[in-house]
Amino acid sequence: MARFPLGSQGSLAHTIVIGDVHLHPRRERGVGEDLAALLRASADHHVIFAGDLFELAMCAGVSPAERVEALVSAFPNVFEAMRAPRSVTFVAGNHDAGIAA
């Protein structure tokens, strides 16, 4: 079980929960730019991606590794903003469960 820092009132401190972004290599780049800007502006916050960060249903016939590679190529700014030392938790949703392993 993951442990998160608690604030003075016993609640999760500095946590952002984001869900249903549905990034896909053919998705408009503005979505990725906005997400990357949010991540950079909140670098001291723990981020929980609560399912469907990626839209993989449209990638039939492509391996999970190839899907992730295509996403990193399409949205390098998002993946750069997620790098350590940032604290990130991923929860797989029904559209990105194929890479949850």
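View 1. V21 sits in the loop between strand 1 (15–18) and helix 1 (29–41). Helices (H or I, at least four residues) and strands (E, at least two) are DSSP runs, numbered from the N terminus. This is a predicted model: local features need pLDDT of at least 70, side-chain atom pairs count only at pLDDT 80 or more, and totals for chains, interfaces and linings use all residues. Residues are numbered from 1 along each chain as its sequence is written, and side-chain values use heavy atoms, with hydrogens and water left out. V21 has a relative accessible area of 13%, so V21 is buried (buried: under 20% relative accessible area; exposed: over 50%; partly exposed: in between; 1.4 Å probe, protein chains only). Its contacts beyond four places in sequence are R27, V31, L35, D52 and L53 (contact: heavy atoms within 4.5 Å). The C-alpha atoms of V21 and D52 are 6.2 Å apart, although 31 residues separate them along the chain.

**View 2. D52 and its contacts.** D52 belongs to the loop between strand 2 and helix 2. Its relative accessibility is 6%, so D52 counts as buried. The D52 side chain reaches the backbone nitrogen of H95 at 2.7 Å.

**View 3. H22 and E55.** H22 is in the loop between strand 1 and helix 1. The side chains of H22 and E55 make a polar contact at 2.8 Å. A polar contact is a pair of N or O atoms within 3.5 Å; within protein, one must be able to donate a hydrogen and the other to accept it, and residues adjacent in sequence count only if both atoms are side-chain atoms. Residues up to four places away aside, H22 touches R27, D52, L53, F54, E55 and H95.

**View 4. The F49 and F90 rings.** The structure holds 2 aromatic pairs (rings of Phe, Tyr and Trp, its six-membered ring, with centres within 6.5 Å; planes under 30 degrees apart are stacked, over 60 edge-to-face, the rest tilted). In one of them, the ring centres of F49 and F90 lie 5.3 Å apart and the planes meet at 20°, so the pair is stacked. F49 lies in strand 2 (residues 46–50) and F90 in strand 3 (residues 88–91), so the pair ties together parts that are 41 residues apart in sequence. F49 is buried at 1% relative accessibility. F90 is partly exposed at 48%.

**View 5. The F54 and F79 rings.** The centres of the F54 and F79 rings are 6.0 Å apart with planes at 5°, so this pair is stacked. Distant parts of the chain are linked here: F54 is in the loop between strand 2 and helix 2 (64–74), F79 is in helix 3 (residues 76–81), and the two are 25 residues apart. F54 is buried, at 7% relative accessible area. F79 is buried too, at 19%.

**View 6. R29 over F75.** The charged end of R29 sits over the F75 ring, 5.0 Å from its centre. The criterion is NZ of Lys or CZ of Arg within 6 Å of the ring centre and within 35 degrees of the ring normal.

**View 7. The protein as context.** The protein has 3 helices and 3 strands. Their order from the N terminus is β-α-β-α-α-β. Buried residues make up 36% of its 101 residues.
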